[in-house]
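User: I would like to understand the wording used for this structure. Could you take me through it term by term?

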Amino acid sequence: MKFNYDVIVIGGGHAGCEAAAAAANMGAKTCLVTIDMNKIGQMSCNPAIGGIAKGQIVRETDALGGQMGLITDATAIQFRMLNKGKGPAVWSPRAQCDRGKYIWKWRETLDAIPNLDIWQDQADELLVSDHEAIGVKTVWGISLYAKSIVVSAGTFLNGLMHIGRHQYPGGRCAEPAVAHFSESISKWGISVARMKTGTPVRIDKRSIHLDEMEEQPGETDFHQFSYMGTPRQLRQLPCWLCYTNKDVHDTLRSGLADSPLYNGQIKSTGPRYCPSIETKLVTFPDKDQHPLFLEPEGENTNEMYLNGFSSSMPMEIQLEAIRKIPAFRDAKAYRPGYAIEYDYFDPTLLDHTLESKIIRGLFLAGQVNGTTGYEEAAGQGLVAGINAALRCGGGNERFVMNRDESYIGVLIDDLTNKGVDEPYRMFTSRAEYRILLRQDDADARLTEKAYRLGVAKRDRYDWWLQKKEWIHRILQVCDNTPVKPADINPYLENIGTVPLRMGCKITDLIGRPQLSLQGLAPILPALREITDQLPNRKEEIMEAAEIQIKYKGYIERERIVADKMHRLENIKIKGRFDYNSLKEISTEGRQKLTKINPETLAQASRIPGVSPSDINVLLVLLGR
């Protein structure tokens with residue numbers, strides 16, 4: 001075997017899988033290096049994909065030709081569209097998956113990609129020559145060489161697990177930590193620091209009194225993650241809801257002295273938006289209860305995930321506290337929850353391509369950049385894989401998405417401009433252009449770009465063109481078809497909305513919140529005729545068209561704001577200033593601009609510590 005590649009990807013988690021698949025699908029000869037081939041795509045914590053804003057990232061990954069959406073649909077055992085009571089700008093898909101089937105579906109997917117090899121081994125050293133990454137050396141003494149290296153090692157870099165006062169090196173439960181690889185990167189001047197995350201106890205379903213909990217069924221409508229995938233095939237299962245109580249809290253407080261989070265054992269920062277149960281008690285001392293969700297780990301397993309009870313407390317405290325919940329009084333555990341500390345690298349030392357500014361050819365993606373979540377990792381992995389493959393072509397092409405193009409673009413812009421001081425999690429509130437970044441239109445935003453790059457294939461591109469044409473036809477019918485009061489008023493009065501006094505177009509009717517294309521189609525012949533002609537994914541096409549009609553004014557207004565910002569995006573400033581010599585700019589502004597070295601004036605304006613007056617100074621100096 002010859003270990004010479006275009007792209008090497010280190011780590012077979014969600015970032016690594018997407019990076020390897022993307023690079024190989026673009027034609028780059030790629031090798032994925034992973035410690036255990038049987039745990040590719042492992043869901044280290046919750047066996048679920050999506051959620052608020054995270055679901056949008058998965059839809060974007062799918063629209064770009066990524067695999068997570070397809071694999072989620074194939075292995076989902078419960079699906080829900082979150083935030084349906086609000087506007088479509090914040091609708092977010094989420095699915096529980098069968099953990100084991102998810103892993104093997106990823107393995108089958110990667111095995112079927114030409115140009116992609118998998119090598120089971122552990123990276124031990126990054127090989128660098130003249131500040132350029134050229135390969136990796138493994139613990140077995142094997143050297144692999146490539147033009148681009150993607151590091152997506154998750155929580156494995158110097159990983160240290162905690163349960164009470166017990167500590168043990170590991171990348172996750174029952175898997176080894178990677179001891180030296182961080183040092184082979186940081187010695188070149190790339191800052192490294194520590195973060196913490198955790199996971200809850202796993203419960204035996206047979207020991208739980210499910211009849212004493214609130215059952216939460218999933219949804220069975222047309223929604224799914226992939227724009228290309230088939231409807232869900234696995235048996236759909238419910239989740240269950242219950243609450244902690246005062247007895248639970250008292251038991252947990254009795255063990256705080258032995259909690260690694262509060263006795264000084266853990267010094268790193270954990271996720272703000274997914275806190276441990278002991279953190280909830282300390283942060284919200286007046287709350288008498290916290291919700292817990294019991295979620296299935298698979299279609300045919302008794303293992304259950306207790307969402308909301310992440311903990312690193314001593315094992316006996318965890319179990320004693322859980323058994324104070326009535327439905328869990330006889331609970332048996334497969335294993336306790338634990339915390340894990342791990343290394344991450346300063347993401348402000350990356351370009352928007354996720355290539356290092358210090359070591360050429362080195363790309364970083366996922367939790368090694370200070371993020372948390374499978375979805376954030378997958379989005380980064382896809383971008384890193386695409387750019388790693390583009391670099392091998394020898395040209396200057398780069399794949400970068402703006403903040404008005406995708407949540408992935410928002411994520412990477414936040415990381416590279418602002419850095420992180422706690423694990424970064426995406427929320428819809430982080431995106432200033434939420435109406436443009438809906439989960440329904442990710443293919444409209446991204447698929448044509450992905451096809452030009454070669455990461456999205458012809459079948460995906462053809463389907464998008466077909467869908468785009470049908471949406472256009474529906475909009476034309478709605479804009480041009482008049483409706484008489486006599487034809488529609490009986491229906492309007494029946495559903496409790498104001499009848500028409502004079503004729504209008506279908507578009508005007510759809511603008512009413514009570515009305516929908518699906519509801520009007522049986523009544524209006526022109527609408528029924530066009531919707532009856534729709535191909536597969538009929539409901540998805542109708543929903544996309546309806547959202548464009550209902551929210552047209554909001555969408556156009558936000559596009560105007562985004563286009564104004566693009567004017568600053570078009571002003572390139574990298575390499576044009578010696579910021580330290582600009583005395584007209586604040587000291588903090590000079591320091592931050594020198595460190596980040598932004599590509600454009602718009603990027604400079606988003607750097608914390610760079611004031612509007614600093615931006616005005618740069619505009620004046622540019623003669624603008």
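**Helix crossing and sheet**

Analyst: The axes of helix H3 (residues 68-75) and helix H4 (residues 99-111) come within 9 Å and cross at roughly 135 degrees. This is a predicted model, in which local features need pLDDT of at least 70, side-chain atom pairs count only at pLDDT 80 or more, and totals for chains, interfaces and linings use all residues. Residues are numbered from 1 along each chain as its sequence is written, and side-chain values use heavy atoms, with hydrogens and water left out.

User: Why are H3 and H4 called oblique to each other?

Analyst: Angles under 35 degrees count as roughly parallel, over 145 as roughly antiparallel, 65 to 115 as roughly perpendicular and the rest as oblique. The axes of H3 and H4 cross at roughly 135 degrees, and the two helices are therefore oblique to each other.

User: Which residues of H3 and H4 meet?

Analyst: With contact meaning heavy atoms within 4.5 Å, Met68, Ile71, Thr72, Ala74 and Thr75 in H3 meet Lys101, Tyr102, Lys105, Trp106 and Thr109 in H4. The residues of this contact divide into five nonpolar, three polar and two charged.

User: What makes S4 and S5 a pair?

Analyst: Two strands pair if DSSP finds at least two bridges between them, and S4 and strand S5 (residues 92-97) pair in the antiparallel sense over six bridges. Arg80, for example, has Arg94 in S5 as its bridge partner.

User: What is the order of the strands in the open sheet?

Analyst: The three strands of the open sheet have the order S3-S5-S4, with antiparallel pairing. Strand S3 (48-50) and strand S4 (76-82) are the edge strands, since each pairs on one side only.

Methods. Helix = DSSP H or I, 4+ residues; strand = E, 2+ residues; numbered from the N terminus. Axes fitted to C-alpha atoms, helices over the stretch in contact; angles between N-to-C directions. Nonpolar A, V, L, I, M, F, W, Y, C, P; charged D, E, K, R; others polar.
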